[in-house]
Amino acid sequence: MSAPGTIDLTDYPHRRFNLLAAEWVLVSPHRTQRPWQGEVEKPFTNTTLKYDSSCYMCPGNKRASGDQNPKYESTFVFDNDYPALL
């Protein structure tokens, strides 16, 4: 628990000085909060799904951030739900 008026460095990106390299480095500890489903990918097969109701990247589905995807039918650019910098 942080003191009032201070930032909890385990939740926010910040810079730290690396004494050995004599340079500032960016630390993004909040990125460890990204969802991981524990999957191990199987070798590629020629069968593909056109739509997966549990996929947060598919058209019309709810994203990890809680936003709703539009029902896109071609290339769509997503905002990163877990960016390195806030």
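The legends below describe close-up views of a predicted model. Local features are given where pLDDT is at least 70, side-chain atom pairs count only at pLDDT 80 or more, and totals for chains, interfaces and linings use all residues. Residues are numbered from 1 along each chain as its sequence is written, and side-chain values use heavy atoms, with hydrogens and water left out.

**View 1. The hairpin of β1 and β2.** Strand β1 (residues 14–18) and β2 run antiparallel and are joined by five bridges; two strands are taken to pair if DSSP finds at least two bridges between them. Strands here are DSSP runs of E with at least two residues, numbered from the N terminus. N18 stands opposite E23, a residue of β2. Four residues lie between the strands of this hairpin, where A22 adopts a positive phi near 55 degrees.

**View 2. The surroundings of N61.** N61 is found in the segment that follows β2 (23–27). With a relative accessible area of 7%, N61 is buried, the classes being buried under 20% relative accessible area, exposed over 50% and partly exposed in between, as computed with a 1.4 Å probe on protein chains only. The side chain of N61 reaches the backbone oxygen of D52 at 2.9 Å. Leaving out residues up to four places away in sequence, N61 touches Y51, D52, S53, S54 and C55, together with D67, Q68 and N69, where contact means heavy atoms within 4.5 Å.

**View 3. The cysteines C55 and C58.** A search of the whole structure finds zero disulfides, a disulfide being a pair of cysteine sulfur atoms within 2.5 Å. For C55, the closest cysteine sulfur is that of C58, and because the two are 3.6 Å apart, they are too far for a bond. C58 is likewise in no disulfide, and its nearest cysteine sulfur is that of C55. As for accessibility, C55 is partly exposed at 25%, whereas C58 is buried, with a relative accessible area of 11%.

**View 4. P83 and the residues it contacts.** P83 is placed in the segment after β2, and its relative accessibility of 27% makes it count as partly exposed. When neighbours within four places in sequence are set aside, P83 is in contact with H30 and R31. P83 and R34, which are 49 residues apart in sequence, are separated in space by 9.7 Å from C-alpha to C-alpha.

How values were computed
Polar contact = N/O pair within 3.5 Å; in protein donor to acceptor, adjacent residues only side chain to side chain.
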